[in-house]
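Here's a quick walk through some of the packing in this one. Have the viewer open and follow along.

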Amino acid sequence: MFNNNQIFTAPLAGITDKPFRQVIRMFAPDVSMVTEMISCHSLVGAHKNCIRNFDRYESEGNIGAQIFGAEPDLMGAAAKILQDAGAKWIDINMGCPVPKVATRAGAGAFLMKDHALAGRIIEACVKSVKIPVSIKTRLGWDEKHQDWMDLVHVAAESGASFVTLHGRTRAAGYVGPAQLPEISNLSLPIIANGDLSCVSDLERVEKLGYNGAMIGRAMLGKPWIFGQICGNCDAPKDIGDIVLKHLDFMIDYYGAKTAIPMFRKHAAWYSSGMPNSAQFRIKVNQISDEKELKQIIKEFFARG
Ligand SMILES: Cc1cc2nc3c(=O)[nH]c(=O)nc-3n(C[C@H](O)[C@H](O)[C@H](O)COP(=O)(O)O)c2cc1C
């Protein structure tokens, strides 16, 4: 089985922010984590409306910061900013299928179509930092163009240290089961990603030749799964305390006015499958007062 630092939390935009990562760290102090993707433009421009641009990572353990963009110089500058903020490595997004990123910005998944540009971006990042640089990509643009191995070679030649492979194409989005190919004779370590959620999944991808595993959606509403996988804890009996802690972390980070609406999706994930969760969600979606929200959470999870 993988060591704990070979187990990664996936970057999930709008979800794996600093407060969520704090919750995961309560259960799994030594798994590897990746931030949500951060725009190189927004970082280099120090855009004040994006709080993530000012995160510090020193106290977050083994954490890589993920950037996206299409301009090598800007990506290099962004990588340097994140290194200086305490990131342990830089991850370059080469898999995001969202049109705003992959089509309009020529970044994310678009780089699977332009390996020369992908190589220049990796080189620029490698040159500007002393920490490792990785890429996160998919099988290819669509079913007919599954050329991820070529991109792995480009990444190796450009100085990247490892690659995360999500076992779907850009065209597949997040639909259908992930297909993780067997790995052999590749020049870089490959981290498996897609539909992984338990120890037996991790053992399966280890047998396929992967050097680590990254877990995304399986952690929604269950941040403790990393503790379970690492053998640190069982599923908690009282999740109300965890939910309240998560809310407090969000309020500390964003302020109550912003945090409360952002927290609603987490409340839905935490309560999913529990009796009366639909009514709970409806109530939570109507509340903007911190005290009232905490009371509703306490009552709901005490009953569950
Ligand atoms: C809501 C959401 C946000 C995501 N944000 C990012 C991101 O910021 N960067 C990235 O590389 N991948 C992102 N992904 C892709 C995930 O990191 C991961 O590759 C994908 O969900 C497959 O893994 P899973 O089946 O374990 O969830 C996102 C996926 C989802 C569903």
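In which helix is H266 found? This is a predicted model, and in it H266 sits in helix α10. Its relative accessibility is 1%, so H266 counts as buried. If you skip the neighbours within four places in sequence, H266 is in contact with I15, F20, H246 and M250.

**Around α1**

F20 from that list also belongs to helix α1, where K18, P19, F20, R21, V23, I24, R25 and F27 are buried. That makes eight of the ten residues of α1 (residues 18-27), so the helix is largely enclosed by the rest of the structure.

The α9 contact is worth a look on its own. On the α1 side you have K18, P19, F20, Q22, V23, M26 and F27, and these meet I242, K245, H246, F249, M250, Y253 and Y254 in α9. Sorted by class, the contact comes out as ten nonpolar, two polar and two charged residues. H246 and M250 turn up here as well as in the H266 contacts.

| Pair | Angle | Axis separation | Handedness of crossing |
|---|---|---|---|
| α1 and α9 | about 140° | 8 Å | right-handed |
| α5 and α6 | about 30° | 9 Å | right-handed |

How are α1 and α9 oriented to each other? With an angle of about 140°, they are therefore oblique. Helices α5 (residues 115-128) and α6 (residues 148-158) have an angle of about 30°, so that pair is roughly parallel.

The contact between α5 and α6 uses H115, A118, G119, I122, E123 and V126 from α5, plus D150, L151, V154, A155 and S158 from α6. By class, that's six nonpolar, three polar and two charged residues.

**Strand β6**

Next, strand β6 (residues 162-166), which is mostly covered, with five of its five residues buried. In a regular strand, side chains alternate between the two faces of the sheet. In β6, F162, T164 and H166 point one way, while V163 and L165 point the other way, and all are buried.

Which strand pairs with β6, and in which sense? Strand β5 (residues 133-138) does, in the parallel sense and over five bridges. T164 is one of the residues on the face with F162 and H166.

**Two loop residues with positive phi**

A46 has phi near 50°, a positive value in a residue other than glycine. This residue lies in the loop between α2 (40-44) and β3. A46 has a relative accessible area of 31%, so it counts as partly exposed.

N185 isn't a glycine either, yet has a positive phi of about 55°. Where is N185? It is found in the loop between β6 and β7 (190-193). N185 has 78% relative accessibility, so it counts as exposed.

Key:
Residues are numbered from 1 along each chain as its sequence is written. This is a predicted model: local features need pLDDT of at least 70, side-chain atom pairs count only at pLDDT 80 or more; totals for chains, interfaces and linings use all residues. Side-chain values use heavy atoms; hydrogens and water are left out. Axes are lines fitted to C-alpha atoms, for helices over the stretch in contact, and angles run from 0 to 180 degrees between N-to-C directions. Helices (H or I, at least four residues) and strands (E, at least two) are DSSP runs, numbered from the N terminus. Angles under 35 degrees count as roughly parallel, over 145 as roughly antiparallel, 65 to 115 as roughly perpendicular and the rest as oblique. A crossing is left-handed if the near helix is turned anticlockwise from the far one by less than a right angle, and right-handed if clockwise. Contact means heavy atoms within 4.5 Å. Ala, Val, Leu, Ile, Met, Phe, Trp, Tyr, Cys and Pro count as nonpolar, Asp, Glu, Lys and Arg as charged, and the others, Gly among them, as polar. Buried means under 20% relative accessible area, exposed over 50%, partly exposed in between (1.4 Å probe, protein chains only). Two strands pair if DSSP finds at least two bridges between them.
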